[in-house]
Each structure stands twice: as structure tokens, then as C-alpha cells.
Amino acid sequence: MIFKQFRYEPLFQASYLLGCSRAREGFVVDPIADLGTDHYVLEAADQGLDVVGVLETHVHADFVSCARELAEMTGASHYLHEAAEGLVRYEFTPLADGQTLTVGQVDVKAIHTPGHTPEHTCFLVTDRARTDEPWAVLTGDSLFVGDVGRPDLLVGDEVLDVFSETERAELQFRSIHERLFTLPEHVEVFPNHYGGSTCGGVNMSGKASSTIWFEKRFNLALSQPDVAAFDDFVRETAKPFPESYQWIKSYNLGLITKDELQGAMRT
Amino acid sequence: MNAAEVAAAVDEGAVVLDLRPPRPFATGHLPGALTMQFNRADLGDRAELQLPQGIRLVVHAEPEPIAKVAVEILGEEGFEVLGHLEGGLAAWREAGHPTETLPLIDVDELHDELDRYTVVDAREGFEHRHGHVPGAVLFPPGDAWERADELPAGTPLAVVCGDQTRSAYVASVLRRRDRDAVLVMGGMVDWLERGFETERTAAPAA
Amino acid sequence: MQITEDKVLDARGLLCPMPVVKAGKEIKTLEPGQVLKVLATDRGSVADMPAWAEDTGNELLEWHEENGVFVYFVRKLASED
């Protein structure tokens, strides 16, 4: 299996290229426009992989995604969880909870983990060339190393924010406990953010990977006894909102164009 | 360069270098195109070892960012690169130009039909000596362009190497020279994995 | 048997024939008896490396695949004279 994590340090953002070298096919997860489509295309080519799927854990609010452009450039499908239907204004290929995408001997299974956003989905990776046991989970903005994805990023549009902040905190707490912490403990955790990212709280580690074993025991937010305590803890340890997040989210949802986004960011 | 410009350049003797993977190349490519596998790490080194000097190149690679990087890499290596085909194979076809194919077989097919083929071993002498498909003719890629006419026309040639990286290049050279070449996917690594027989020949006396 | 290498050549990401070409250059910098560890991702290396070792009079001690990387241990036997 080929597995590469790309870190864009200015935004503490991690994206991924993974695939099967024998099958010569791979997926890109959460590509960031600051690295650009060319970066992913060239990295995939260096590894001898054709990009057949561009996956996103959720519609991002803190960085501009290049998933649509990358999918178009490579002819790959652009995947989001089906709950994004009605939220985004463009065509994409919907994923159902539990659905598995496969390239060669590599399986990527969607695990729906609403909380940070309603459509948020983690991707469980298995390399059947080694074993049928899952090996890693790409956790997006749900479970971070040492922290959790904040449940309070509103776009400010009633139509789009289908849950209140308290509801999303509860969903986040339950999604992680019930759907991620029930995975085999050896499974490695690869998040979408780390370190100084404002998508999580002050306890977010600068280390960009962990394990379920470690986070179950030492993640402070998730060690809170119940949802109410978790909600309080997350509020108390929150960081400032990501810069321009409403504009970025609007662009990533397809509500505004790149030009409109750039115009807004300039002012 | 658009399709018309590429076609004109080819008419004037430019050679298309197709950097897509073997399967898309096999399915359809510009007539007479040579093929190599793209990467950033050593495309320049491999091109320098294999491609003939003095030819003028047009790059075909998809998606487009790969073509642009390849043009740079080859230029830095000292090749004369006229440009790359914008819009790729789709643009070429839309402009009404024909394409050619390269037949692919695997080692099982080669093994089953071994007497039908002349096997061309696109590796170096020491690799061929270490063990080759019975009857395989040594044909290193660095000499392929110069020696293509030494191989017979009108009879099927099955080209092998370690996997299919070098053999794809040699097969494309042979097809450009109207040889009936087919590419053996998986090469000697697959052949050995299957446990098929190989033969060794002694090194020629110095 | 635990093999300790004297030098490591990282040829991951290189395509054939480059791993063997680089191994050939690198082994010249070793003394007879020393061990070169070569890492390669190119599948063709599985056939090239043993052939190269034999041809250059070096000993391929061991090779294996781990996580998609082919690892070769080559002991230099003779110097190039």
C-alpha cells in the first residue's frame, strides 16, 4: 500500500494520497488548494498511481478545497457523504455509511461521524495485502490527536446548519465514542488538522498521527464523563475562529465562486 | 501545442514521447509515439540512457501538469522539446487524427504460446545472462533505436524486461519501425514468480 | 540472521534500471567485506538486483519485501580491478 500524508504547515492541515501500487490506482483525501491540484497529480504520478477517487471527510471551513478541480483534472469521482446532498451546490458522488471503496488490495470504508458537521465521515483503511484487520482511520475533523473538532462553526445560514451547536457537540461526542473508539485499538489515527489549527481546541497535539489506544486513554475532551461536560470542556478550550471561515465554507459549499471568495478575502 | 501543431511537427520528423502508464498507452496513442514511464525522480536519467540523441520531442502526458513538468525535465537533460500536446488524446481524436495500439499479453499467455513468439529481452547483458526466457534475444533499451531494423518484421515479437518499464519503451520503438511487437506485462518478475523455466547463457569471451 | 549494513542506498521512487545503476555506483565507495543495503520500490528490481550482484561478483545476502519496499543486502566481495 502507498500511504502519504502531506502537511501544509501554515494551516496545520493534513491531506493524503493512498493506493495500491500493483493496481496502479489511488485516492486523494481532503486536498488543499494551497498545495494545489498539480501537487497531488505529480505526487500520484511519482508513485505510479492514477487518482480514481477524490474523497473529502467533510465540507471544510478553514481552508479552500481543490477537490472539485482535482476530480475534474483526473477524471476521478469526487466523494462526500450523502448527507452533503442539499448542502452543497455541485454534483458529487455520494457515499453511504459503511460503504467501501477499493483500489487493488486497499479498502477504504466510510464511517459516518456527524458532529463537526452533519456530513462528516471518517475513512477506515485496510491493506489486505498484509491483513484483513483495519490499519488506519482518517478522522478528518472529528477526532484529533489530543483534541476534537470544534462543533461551533456556523455558516450563519439557518438552512445549512441543520443542527444547533449543542446538538453537534452531542453528536461529536457520541460519534467518536460509539464509532471510532469501538474500532480495534491498534488502528492508527490520521487527522485533517494538528498543532496550531483553529479547527480544534488548545490541547491539539503537534504530532500528526496517533492511535485509537492512545486517544481513548489520554484525549482530555473525550475523557469527560458526559455530553454536558464535554460541551463545556470544548467551549472552555476553544481557540479563535478560523480566519475567513464563513467565506471559505461558502466557497467549498459551492455557494460562491473563487473570484467572489478572493474578492471577499481581500477586503 | 494543439493537435494540428503536433501533427505538423510529427510530419517534419518530431517524435512524440508518451509518458502515460502502459495500459492507456496500449489502448491508444499517437502514431509512432515512443513511451516511457513518468516520474520526477529519474525521468531525466532514464531518458538520457534510452532515448537517441538528436531527436526533436513532443511530450504527451496526462493530466496536463505532468506534461509541463516533463517538458522541463527533458529540456534540462539536454533534449530538444518542442512542447506538449494540449488536451491530450481526447483533443487528438477530436481533431480527427488516427491512433495506434500496442497489444498486451501476460506471462501466462507468453508461456502458453512461447513457440509463436520471438522473445525480445529489453534488459542489460548481465540480467539476460542471469536468466532469461528460453530463446530470448538480448536487446538493451539504450541500443533499441539504432538496432530496431535487426529484428524481423512480420513475425510476432514479445518484449520483456524486469516488469514492463523498459520493455514498454522498446516495444514502442519496434512498433514505430513496423515490427509486430507485443508488450509482456509483469515481465521476468512474474515469469519467475510462476516458476516458468529460464535459461542462462555464458558471458561472451572478452 | 541480523545483517548490519555499512551504507544505505535509498532508491525508492526510482524506476528500473536506476536502482541497479545507482547500486553499481554506490558499491564502489565500499570496502570489500562491507554491506550495502538498498531500498527500492521498483518491482523490476526483484529480477535486476540478483543479476547485478552475480555479474559484479558481489553477494546478495538476503532480500525481502516490507510494506511495498524491497530491501536488499549486498556484500561487496571483490574490488573492481
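Which domains does the domain assignment give for chain B? The domain assignment of chain B gives domain 1 (3–94) and domain 2 (104–194), with bounds that come from an automatic or database domain assignment. The structure is a predicted model, in which local features need pLDDT of at least 70 and side-chain atom pairs count only at pLDDT 80 or more, while totals for chains, interfaces and linings use all residues. Residues are numbered from 1 along each chain as its sequence is written, and chains are lettered from A and ligands numbered from 1 in the order in which they are written.

Between them, 12 residues of domain 1 of chain B are in contact with 13 residues of domain 2 of chain B; two residues are in contact if their C-beta atoms, placed from the backbone, lie within 7 Å. On the side of domain 1 of chain B that touches domain 2 of chain B, α2 (22–27), β2 (34–35) and α3 (43–50) of chain B each supply at least two residues. Of these elements, α2(B) gives the largest share, three residues. By class, this side of domain 1 of chain B has eight nonpolar, four polar and no charged residues. Here Ala, Val, Leu, Ile, Met, Phe, Trp, Tyr, Cys and Pro count as nonpolar, Asp, Glu, Lys and Arg as charged, and the others, Gly among them, as polar.

Taken as a whole, chain B holds 10 helices and nine strands, where helices (H or I, at least four residues) and strands (E, at least two) are DSSP runs numbered from the N terminus. The radius of gyration of chain B is 17 Å, close to the 17 Å that the globule rule gives for 206 residues, so chain B is as compact as a globular protein of that length. That radius is taken over C-alpha atoms, and the globule rule is 2.2 Å times the number of residues to the power 0.38. The C-alpha trace of chain B spans about 50 × 35 × 30 Å along its principal axes. Of its 206 residues, 48% count as buried. A residue is buried if 20 or more other C-beta atoms lie within 10 Å of its own, exposed if 12 or fewer, and partly exposed in between, with C-beta atoms placed from the backbone. Among contacts in chain B with a separation of 6 or more, 69% come from residues 24 or more positions apart.

Chain B also touches both other chains described here. With chain A, nine residues of chain B are in contact with nine residues of chain A, and the side of chain B involved has seven nonpolar, one polar and one charged residues. With chain C, the contact takes 20 residues from chain B and 16 residues from chain C. Helix α2 (residues 45–55) of chain C provides the largest share of the chain C side, eight residues. That side of chain C divides into 10 nonpolar, two polar and four charged residues.

Chain C itself has two helices and four strands, which run β-α-β-α-β-β from the N terminus on. For 81 residues, a compact globule would have a radius of gyration near 12 Å, and the 11 Å of chain C agrees with this. The C-alpha trace of chain C spans about 35 × 30 × 20 Å along its principal axes, and buried residues make up 40% of the chain.

In chain A, strand β1 (residues 2–8) and strand β2 (residues 13–20) pair in the antiparallel sense over seven bridges; two strands pair if DSSP finds at least two bridges between them. One such bridge joins A:Q5 to A:Y16 in β2(A). The two strands form a hairpin with four residues between them, and A:F12 in the turn has a positive phi of about 50°. Further along chain A, an open sheet of six strands has the order β7-β8-β9-β10-β11-β12, with mixed pairing. Strands β7 (100–103) and β12 (210–211) of chain A stand at the edges with a single partner strand each, so one side of each is left without a neighbour in the sheet. Within this sheet, β9 (residues 121–127) and β10 (residues 136–140) of chain A pair in the antiparallel sense over three bridges, and A:V125 stands opposite A:A136 in β10(A). The buried residues of α3(A), including A:L171 and A:F173, pack against β8 (106–112), β9, β10, α4 (212–218) and α5 (227–236) of chain A.
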